[in-house]
Amino acid sequence: MSYVKTCARILGWTFVAVGVVGFFLTGFGGFFGMDGETLILFGINPAHNLVHLILGVTYLMGARASETGARAVVLVLSLAYLLVGVLGLI
């Protein structure tokens, strides 16, 4: 397996794990509310957890794609996530 596909698989399972753990902390009520729940210093809610699950599944699908497909998925999602993270800090 190539380096890019391995990265996609690691990122995918990490995001899936964060989404699942997040649902254990927040439950499903108050889907967009911020009730003070945090996961590793970051505020979370069920909508945020769902986004992590979607990202994780997309990374995992990229890991099963061709080398070029995996590279595109990792690059696009990682850059988008970085941009959203920077905007969140601002």
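A pocket, as the word is used here, is an open set of grid points with protein on both sides within 12 Å along at least five of seven lines. The structure discussed in this report is a predicted model.

**Overall layout**

The chain contains three helices and two strands. Followed along the sequence, these elements are arranged in the pattern α-β-β-α-α. Taken along the principal axes, the C-alpha atoms fill a box of roughly 40 × 30 × 20 Å.

**The largest pocket**

The volume of the largest pocket is about 560 Å³. Its lining is made up of 19 residues, and those closest to the centre of the pocket are Phe42, His48, His52, Tyr81 and Gly85. Several elements contribute to this lining: helix 1 (3-26), strand 2 (42-43), helix 2 (46-64) and helix 3 (67-89) each provide at least two residues. Helix 3 gives the largest share, with seven residues. In terms of residue class, the lining of the largest pocket has twelve nonpolar and seven polar residues, and no charged ones.

**How the helices pack**

| Helix pair | Axes come within | Crossing angle |
|---|---|---|
| Helix 1 and helix 2 | 7 Å | roughly 160° |
| Helix 1 and helix 3 | 9 Å | roughly 45° |
| Helix 2 and helix 3 | 8 Å | roughly 155° |

The axes of helix 1 and helix 2 cross at roughly 160°. Angles over 145 degrees count as roughly antiparallel, and helix 1 is therefore roughly antiparallel to helix 2. The crossing of these two helices is left-handed. The contact of helix 1 with helix 2 comprises 16 nonpolar, eight polar and two charged residues.

For helix 2 and helix 3, the crossing angle is roughly 155°. These two helices are therefore also described as roughly antiparallel to each other, and the crossing of helix 2 and helix 3 is left-handed. On the side of helix 2, the contact is made by His52, Leu55, Thr58, Tyr59 and Gly62, while helix 3 brings Ala70, Val73, Val74, Leu77, Ser78 and Tyr81. By class, the contact of helix 2 with helix 3 consists of seven nonpolar and four polar residues, with no charged residue.

Helix 1 and helix 3 have axes that cross at roughly 45°. Angles under 35 degrees count as roughly parallel and those from 65 to 115 as roughly perpendicular; helix 1 and helix 3 are therefore oblique to each other. Helix 1 passes helix 3 in a left-handed crossing. Val4, Lys5, Ala8, Leu11 and Phe15 of helix 1 are in contact with Glu67, Ala70, Arg71, Val74, Ser78 and Tyr81 of helix 3. Seven nonpolar residues, one polar residue and three charged residues form the contact of helix 1 with helix 3.

Definitions and conventions:
Residues are numbered from 1 along each chain as its sequence is written. This is a predicted model: local features need pLDDT of at least 70, side-chain atom pairs count only at pLDDT 80 or more; totals for chains, interfaces and linings use all residues. Side-chain values use heavy atoms; hydrogens and water are left out. On a 1 Å grid over the protein atoms alone, a cavity is a set of points where a 1.4 Å probe fits but cannot get out, and a pocket is an open set with protein on both sides within 12 Å along at least five of seven lines; lining residues have an atom within 4 Å of a point. Grid points are joined across faces, edges and corners, and a volume is the space filled by probe spheres set on the points. Helices (H or I, at least four residues) and strands (E, at least two) are DSSP runs, numbered from the N terminus. Ala, Val, Leu, Ile, Met, Phe, Trp, Tyr, Cys and Pro count as nonpolar, Asp, Glu, Lys and Arg as charged, and the others, Gly among them, as polar. Axes are lines fitted to C-alpha atoms, for helices over the stretch in contact, and angles run from 0 to 180 degrees between N-to-C directions. A crossing is left-handed if the near helix is turned anticlockwise from the far one by less than a right angle, and right-handed if clockwise. Contact means heavy atoms within 4.5 Å.
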